[in-house]
Amino acid sequence: FTASPAHRLDRETSGVILVAKRRPAMVHFTDLFTNQHPKKRYLTLVKGKMPRESGVINLPLAEHQQTAESKARRGVNMQDAVTRWKVLRQSSEAALLSCVIETGRTHQIRRHLVAIGHPVAGDKKYGDFAFNRDVRARWGLKRLFLHAASIEFPHPGHKGRVEVEADMPAELKDVLKRAALEPS
């Protein structure tokens, strides 16, 4: 068995990723991510002022990699998707959010936040391109502002709670400093 990632992150997303070193751990993580959904918390910078301090986005998303043949045969396959968000800091221009996903759909946070009018800063696929140019020029953001801050799951052996965290990269901390949105 070759050590393998147990899940994935979008290319430009920084943060925690779990790697299984042995086959039994991979079996455990495959079951965990398929059936149990570990608690995954992300930090993201979004456009605009949020309407309240926290919220839930319960919006089904189209299956991301559904083939054209499948769509033609049975229509677009919608999948349940739930994202919980909480404001950590905000200004009139942007908000730093903590997001916990209850499901693990492709680009879920990015797709959910743009659906409620608050695209992730630096998002080249779903984002607000004028906003992205502005935050690049003023705050120095050169990538997607999405960071997998922590993941919580039962240990594959003793089943006790394990939480793995990753510090935010310096480049994203610098953006928050320039935007006057450093978390307290």
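I looked up Ser14 and found it buried, because its relative accessibility is 13%; buried means under 20% relative accessible area and exposed over 50%, with partly exposed in between (1.4 Å probe, protein chains only). The model is predicted, so I note that local features need pLDDT of at least 70 and side-chain atom pairs count only at pLDDT 80 or more, while totals for chains, interfaces and linings use all residues. Numbering runs from 1 along each chain as its sequence is written, and side-chain values use heavy atoms, with hydrogens and water left out.

**Ser14.** I place Ser14 in strand β2, residues 14–15. Helices (H or I, at least four residues) and strands (E, at least two) are DSSP runs, numbered from the N terminus. The side chains of Ser14 and His147 form a polar contact of 2.7 Å. A polar contact is a pair of N or O atoms within 3.5 Å; within protein, one must be able to donate a hydrogen and the other to accept it, and residues adjacent in sequence count only if both atoms are side-chain atoms. Leaving out residues up to four places away in sequence, I list the contacts of Ser14 as Leu9, Arg143, Leu146, His147, Ala148, Pro169 and Leu172 (contact: heavy atoms within 4.5 Å).

**Helix α1.** I looked up which residues of α1 are buried, and they are Ala25, Met26, His28, Phe29, Leu32 and Phe33. Down the axis of α1 these fall within an arc of 160°, so they line one face of the helix; the arc is that of the directions from the helix axis to the C-beta atoms. Elements covering them include β1 (4–5), β3 (19–20), β4 (39–47) and β10 (146–154). On the face turned away from the buried side I found the exposed residues Arg23, Pro24, Val27, Thr34 and Asn35. Just after α1, His37 has a positive phi of about 55°.

**Largest pocket.** I read a volume of about 610 Å³ for the largest pocket. Its lining has 29 residues, with Arg8, Lys40, Gly104, Arg105 and Thr106 nearest the centre. A pocket is an open set of points on a 1 Å grid over the protein atoms alone, where a 1.4 Å probe fits, with protein on both sides within 12 Å along at least five of seven lines; lining residues have an atom within 4 Å of a point. Grid points are joined across faces, edges and corners, and the volume is the space filled by probe spheres set on the points. α3 gives the most to this lining, with 4 residues.

**Ala179.** I find Ala179 in the segment after α5 (170–178). Ala179 counts as buried because its relative accessibility is 9%.
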